[in-house]
Structure formats: C-alpha cells, structure tokens
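Here is a briefing on one protein chain.

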Amino acid sequence: MPDLVVVGSVALDTVTTPFGKVTEALGGSATYFSYSASFFAPVRVVAAVGQDFPREHLELLSRRGVDIDALTVLPDQKTFRWTGEYGFDLNEARTLDTQLNAFAAFRPELAAGHRDAPFLFLANIDPALQREVRRQMTRPLLTALDTMNFWIEGKRDALLEVLREVDVLLINDAEARMLAREPNLVKAARSIIRLGPRVVVIKRGEYGSLMVSDGEFFFTPAYPLESVFDPTGAGDTFAGGFMGYLAQRGLTDRASVRKAVVFGAVMASFAVEDFSLERLKRLEPREIEQRYAAFQSMVAFEH
C-alpha cells in the first residue's frame, strides 16, 4: 500500500463552543489529517513540537499506526498553541490567541524514505515552506495542498508559485473567493484551476463540498448530524479521508478522486461529533463503511 506523507502542525488547542470547552487538547492540521488518513493507509507525519508536548499524545498517534519518526521535539521550545471560540454559527472560528512557539522554528527537511512517498499532503503552513517541501520530493504521484486567508492575503505570490506545483487544492468557500478575487463560487473554482491545480475541492461546512476538475463539477452534501460539538480540524480530517483513500487505492483517476471526496466528507462528519480527536478515537472501520453507504443512499435517484 503506497505511503502518504503530511507536513503540517501538531498543536495544543483550547476551544470553546456553545456545547462545551476543552483546554490544551490535541490538535493541529497534521494531527487531524494523519489520524483520519490512518484508517485507510500508512501515514508519516513531518512536524515539530516543544519539550512540553505530552507523551500520551505521541503514544496515541503511534497506537493508531501513524509514523512519528519525523515528528521532531525541539529543545528549549514550547508547543504551538491555539485558542479559539465558536458561536452558534459553527462555520467560523474566532481566534483569541495564537502562540506559534516551535511551529515558528519549523523548517521541514525530508528523509530519503519520505522524499520517495507517492502521496504528499502540504497542510496549512507558510506557502514558502510548502514549496520547499514539494521540491524535496522525488516524483510524487499526487500532491495536495491546503491554505488559509492569512497566507492568501499575506503571502499571495508564494502561494501562487506553489499552486503551480501541486495537483489538488483543498480550500473552504470563503478562501476560494478570496484567492480567486471572485464572489461567484463556480467562477472562482474555474479561476483557481487556471492557477495550476488540476483538481479543486471547496469545503462548505454544513453545505457539503464541491469538486471541480477538467471543467466538470461533483457535489457532495454534508452528512445530516443531530449533534455537532466542535468543528475544529474538520477540514484537515476531510483531507485525511480524501488523501488516505487515494493512497489506499494507489490511484488518481477521476472515479477514485470522486470517491475520495465522499470519504473525506464521511471522516469530517465524525470529527465534529465531539471535541478534539475524541470521536475519531472511538471510531470503528465498520462505521466508516456504514456512513459511506448512507452518503450513497442520500444522493441516489432513479432515471
């Protein structure tokens, strides 16, 4: 089964929603991504934490089968921390505090085994670092990238440069409009395709996701949930399901990419049902298959 490498953040999150609060819970883009992807394929994490990072979190990832050999503990550094809150509109977080700490000193250098991996996910980090990592790879079969409004506004030129070197961009609807400078989402998606990626997946929270490729559109609804506690990490969990499925199959054809979008939506639907990784920690493979079947039945109709 082909390997999958993720480069991103491992963090400690303090999150408040109308339904509760967690303090210094395990978070970060590489964390959510790798835990989600591990249900499908071997995944290797490239990230940095401080000396204060709890050992039980490392053990949790290892027990899940995540390769953490390249998860570096930086001496005399603290771990990246993020504090945020959500109102009843769970589609948007309000950042209260960000302490980059070890993440600010993160300069990823890939080992030989990582450079040869066929699947690479560049999680939400500085696009200049994303470009450096991409250029360290030998010849990946598929590279996907995530970004955010901070980089779109502050490092647009570097982002546009790395976009020319990746196959897939995963982005939310507000970011897609900002990147394309176009309010219409369909036009924005077409515009982003012209920037370089051959596939654009636009995540729309409770409204599902839209994939654009080669002039074709594919839409997946969000799974209807009665209990949503914490949307933190949902996008990275989506990406983990998406890339994990493709790595499991070792394929990047159109049909496989469409199924990967559905598996991304499936995994994200579980992540939001509890805080941090708590729901994913309880997740069983049979539940993934059952929810995938439920997605199929939601969109099935007779000709």
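Asp76 sits in the loop that links strand S5 (67-74) to strand S6 (81-85). Strands here are DSSP runs of E with at least two residues, helices are runs of H or I with at least four residues, and both are numbered from the N terminus. The model is predicted: local features need pLDDT of at least 70, side-chain atom pairs count only at pLDDT 80 or more, and totals for chains, interfaces and linings use all residues. Residues are numbered from 1 along each chain as its sequence is written, and side-chain values use heavy atoms, with hydrogens and water left out.

**Loop residues with positive phi**

- Most residues other than glycine have a negative phi.
- Asp76 is not a glycine, yet its phi is positive, at about 60°.
- Asp76 counts as exposed because its relative accessibility is 74%; exposed means over 50% relative accessible area, buried under 20%, and partly exposed in between (1.4 Å probe, protein chains only).
- Ser276 is not a glycine either, and has a positive phi of about 50°.
- Ser276 belongs to the loop between helix H10 (254-271) and helix H11 (278-282).
- Is Ser276 buried or exposed? Ser276 is buried, because its relative accessible area is 8%.

**Overall fold**

- The protein chain holds twelve helices and 13 strands.
- The C-alpha trace spans about 60 × 40 × 40 Å along its principal axes.
- Buried residues make up 55% of the 303 in the protein chain.
- Take contacts between residues at least 6 apart in sequence: 63% of them join residues at least 24 apart. Contact means heavy atoms within 4.5 Å.

**Surface and charge**

- The protein chain exposes about 13600 Å², and carbon and sulfur atoms supply 48% of that area. Areas come from the Shrake-Rupley method with a 1.4 Å probe; for residues, only the protein chains shown count as cover.
- There are 34 positive and 40 negative side chains, and the centres of the two sets lie 4 Å apart.
- Lys and Arg count as positive, Asp and Glu as negative; His and the chain ends are not counted. Charges are placed at NZ of Lys, CZ of Arg, CG of Asp or CD of Glu.

**Glu287 and Val299 in helix H12**

- Glu287 lies in helix H12 (residues 285-299).
- Glu287 counts as buried because its relative accessible area is 17%.
- Which side chain makes a polar contact with that of Glu287? The side chain of Arg279 does, at 2.8 Å. A polar contact is a pair of N or O atoms within 3.5 Å; within protein, one must be able to donate a hydrogen and the other to accept it, and residues adjacent in sequence count only if both atoms are side-chain atoms.
- A polar side-chain atom of Glu287 also lies 2.8 Å from the backbone nitrogen of Glu284.
- Not counting residues up to four places away in sequence, Glu287 touches Phe270, Arg279 and Arg282.
- Val299 is in helix H12 too. Val299 is partly exposed, at 43% relative accessibility.

**Thr237 in helix H9**

- Thr237 is part of helix H9 (residues 234-249).
- Thr237 counts as buried, with 0% relative accessibility.
- Leaving aside neighbours within four places in sequence, the contacts of Thr237 include Tyr32, Ser36, Met267 and Leu280.
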